[in-house]
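Please open the model in your viewer and keep the selection tool at hand.

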Amino acid sequence: MIEASGLRKLYGQTVALDGVDLAVRQGEIFGVLGQSGAGKSTLLRCVNLLERPDSGTVTVAGRELTKLGERELNQARQRIGMVHQHFALLASRTVAGNVAFPLEVMGVGRRERDQRVAELLELVGLGGRGKDHPRQLSGGQKQRVGIARALAGRPEVLLSDEATSALDPGTTESILGLLKSLNRELGLTILLITHEMNVVKSICDSVAIMENGRIRESGGIGELIRTPGSRLTREIFPLPEPAAGHITLTFTGHPEEPVISEVVRKFDVDVNILGGAIEELAAGSVGRLRVDLAGGERDNALTYLRERGLLVEVAG
Ligand SMILES: Nc1ncnc2c1ncn2[C@@H]1O[C@H](COP(=O)(O)OP(=O)(O)OP(=O)(O)O)[C@@H](O)[C@H]1O
């Protein structure tokens with residue numbers, strides 16, 4: 001649905017994007033995770049060409065945006081919604097007036113506009129609040145207005161620029177829940193940028209980890225979790241560096257199965273648990289355990305764990 005290839009963007013001497021490739025599939029929630037200054041906002045602004053990359057191409061829903069002139073681009077942008085960190089609402093307009101704004105720009109007539117605005121407010125859980133002004137709303141409600149406005153043009157793609165960064169944890173969760181349900185119910189493809197691992201863990205199907213204008217790792221979350229040495233897994237489970245011989249086990253799907261006690265019984269090994277955690281991700285439940293395994297048939301125990309579908313990493 002979104003494909004970016006070879007994106008480069010310089011601001012003076014600063015390389016904001018240094019050859020970025022991105023592929024977001026239709027209907028998925030794709031997170032770009034990175035620290036401040038990594039280039040995330042620049043990447044997002046290059047996807048809808050609010051910022052023109054110095055080189056590289058961007059294709060959204062089959063149209064190569066980097067080839068379009070300003071008029072065609074404005075049209076194409078109507079099918080790409082955008083949600084902002086600080087909501088970007090017009091203080092002088094009511095809630096309904098804010099949501100109606102893009103429809104006015106598109107030239108939608110009054111009656112259709114009113115009907116669509118009412119539908120959109122209902123969709124984001126703000127039915128009946130149309131006459132209020134943004135100042136009468138909480139941060140979470142303001143973001144709901146921002147989302148309703150972004151959906152006005154029936155976009156195929158929603159871009160989210162740190163949509164929950166200005167919100168408290170409880171409100172963040174409810175906004176993430178709303179994005180997830182829009183993704184499911186409308187089949188909306190969502191590309192979001194965030195510096196919060198929590199956002200990636202709770203709603204993303206895929207992720208790209210960005211650093212210094214480059215993507216260091218990207219892919220489906222389940223797939224990355226099963227990849228040895230994955231940065232994503234290390235960041236989700238911040239265990240200390242392992243000592244030589246220590247074993248890190250990553251298991252997905254059925255953490256309730258007693259594989260550890262099985263290997264102890266079957267292979268007569270001693271297991272010393274050094275650390276670990278279980279995380280509930282949108283992609284499923286994932287556990288990571290750091291152990292020391294000694295005695296008995298250690299190698300056979302490791303082979304058995306691999307055969308049971310665990311990722312087994314032995315520190316060198
Ligand atoms: N308009 C601009 N003019 C000059 N430099 C810029 C501009 N926009 C971004 N940069 C620089 O490009 C680099 C990437 O910035 P960008 O805002 O894309 O990162 P980010 O990951 O989104 O960070 P943050 O979360 O803090 O916004 C930074 O070094 C930043 O200072």
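Which residues in α10 meet which residues in α11? Val-259, Val-263, Lys-266 and Phe-267 in α10 meet Asn-300, Ala-301, Tyr-304 and Leu-305 in α11; two residues are in contact if their C-beta atoms, placed from the backbone, lie within 7 Å.

Before continuing, note that residues are numbered from 1 along each chain as its sequence is written. This is a predicted model, in which local features need pLDDT of at least 70, side-chain atom pairs count only at pLDDT 80 or more, and totals for chains, interfaces and linings use all residues.

**First stop: α10 and α11**

Select residues 259-267 for helix α10 and residues 298-307 for helix α11. Helices (H or I, at least four residues) and strands (E, at least two) are DSSP runs, numbered from the N terminus. The two helices pack at an angle of about 145 degrees, with their axes 10 Å apart. Axes are lines fitted to C-alpha atoms, for helices over the stretch in contact, and angles run from 0 to 180 degrees between N-to-C directions. The contact of α10 with α11 comprises 6 nonpolar, 1 polar and 1 charged residues. Here Ala, Val, Leu, Ile, Met, Phe, Trp, Tyr, Cys and Pro count as nonpolar, Asp, Glu, Lys and Arg as charged, and the others, Gly among them, as polar.

**Second stop: α3 and α4**

Next, select helix α3 (residues 95-105) and helix α4 (residues 110-123), which pack at about 125 degrees with their axes 9 Å apart. On the α3 side the contact includes Val-95, Val-99 and Leu-103, and on the α4 side Arg-113, Val-117 and Leu-121 are among the residues. By class, this contact has 8 nonpolar, no polar and 3 charged residues.

Now select the ligand and the residues around it. Its surroundings include Tyr-11, Gly-34, Lys-40 and His-195, where a residue is near a molecule if its C-beta atom, placed from the backbone, lies within 6 Å of it. Elements giving two or more residues to this shell are β2 (14-24) and α1 (40-47). The most comes from α1, with 3 residues. The shell has 3 nonpolar, 8 polar and 1 charged residues.

**Last stop: the two domains**

Finally, colour domain 1 (2-224) and domain 2 (237-314) separately; such bounds come from an automatic or database domain assignment. Their centres, taken over C-alpha atoms, are separated by 39 Å. Where they touch, 7 residues of domain 1 are in contact with 6 residues of domain 2. On the domain 1 side, α7 gives the most, with 3 residues.
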